[in-house]
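Morning, everyone. I have one structure to walk through today, so let me put it on the screen.

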Amino acid sequence: MDEERIKVYLEFLACPKCKGDLVYHKAEKTEGFVCQKCSLLYPIVDDIPEMLIESAIPCKDEPSAKG
Ligand SMILES: [Zn+2]
């Protein structure tokens, strides 16, 4: 997905679970929007973000010193 579209999506999309902000994530095989609060990745399929809790892929928590 191109950067302009990603920016647009990031502006109007929110996590369906917590309504929080999303960040764009791209790995070798996975592309999508991540909610860091929920540790969920909403995959982009055929250039369309699947903003469904059921489609979300749990992502591994980065160890952090938060708390
Ligand atoms: Zn969330």
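A word on the source before I go on. This is a predicted model, where local features need pLDDT of at least 70, side-chain atom pairs count only at pLDDT 80 or more, and totals for chains, interfaces and linings use all residues. Residues are numbered from 1 along each chain as its sequence is written.

Now the parts list. The protein has 1 helix and 5 strands. In sequence order, the pattern reads α-β-β-β-β-β.

Next, the pairing. Two strands pair if DSSP finds at least two bridges between them. β2 and β3 run antiparallel, joined by 4 bridges. Besides the pair I opened with, Gly32 sits opposite Pro43 in β3. The hairpin between β2 and β3 has 4 residues between the strands, and Ser39 in that hairpin takes a positive phi near 55°.

Go to the other partner of β2. Strand β1, residues 23-26, pairs with strand β2, residues 31-35, in the antiparallel sense over 4 bridges. Val23 has Val34 as its bridge partner in β2. His25 is bridged to Gly32 in β2. The hairpin from β1 to β2 runs through 4 residues.

Which strands does β3 pair with over 2 bridges? One is strand β5, residues 57-58, antiparallel to β3 over 2 bridges. There, Leu40 has Pro58 as its bridge partner. The other is strand β4, residues 48-49, also antiparallel to β3 over 2 bridges. Ile44 stands opposite Pro49 in β4. The hairpin of β3 and β4 has 2 residues between the strands, and its Asp46 takes a positive phi near 50°.

Now burial. A residue is buried if 20 or more other C-beta atoms lie within 10 Å of its own, exposed if 12 or fewer, and partly exposed in between, with C-beta atoms placed from the backbone. Buried residues make up 18% of the 67 residues in the protein. Why is β2 largely enclosed by the rest of the structure? Because 4 of its 5 residues are buried.

On to the core. By nonpolar core I mean a set of buried Ala, Val, Leu, Ile, Met, Phe, Trp, Tyr and Cys residues joined through C-beta atoms within 7 Å. The largest one has 9 residues: Cys15, Leu22, Phe33, Val34, Cys35, Leu40, Leu41, Tyr42 and Ala56. The elements giving two or more residues to this core are β2 and β3 (40-45).

Two residues are in contact if their C-beta atoms, placed from the backbone, lie within 7 Å. Setting aside neighbours within four places in sequence, Leu22 contacts Leu10, Leu13, Ala14, Cys15, Phe33, Val34 and Cys35. Across the protein, take the contacts with a separation of 6 or more: residues 24 or more positions apart account for 16% of them.

Gly20 lies in the loop between α1 (3-12) and β1. Is Gly20 buried or exposed? Gly20 counts as exposed, because it has 12 C-beta neighbours inside 10 Å. Beyond four places in sequence, Gly20 is in contact with Ala14, Cys15, Cys35 and Lys37. Gly20 and Cys38 are 18 residues apart along the chain, with their C-alpha atoms separated by 8.9 Å.

Glu50 has 16 other C-beta atoms within 10 Å, so it is partly exposed. Leaving out neighbours within four places in sequence, Glu50 contacts Tyr42, Pro43, Val45 and Ser55. Glu50 and Gly32 are 18 residues apart in sequence and 8.4 Å apart in space, C-alpha to C-alpha. That Gly32 is the residue opposite Pro43 in β3, and Pro43 is among the contacts of Glu50.

That's the tour. Over to you.
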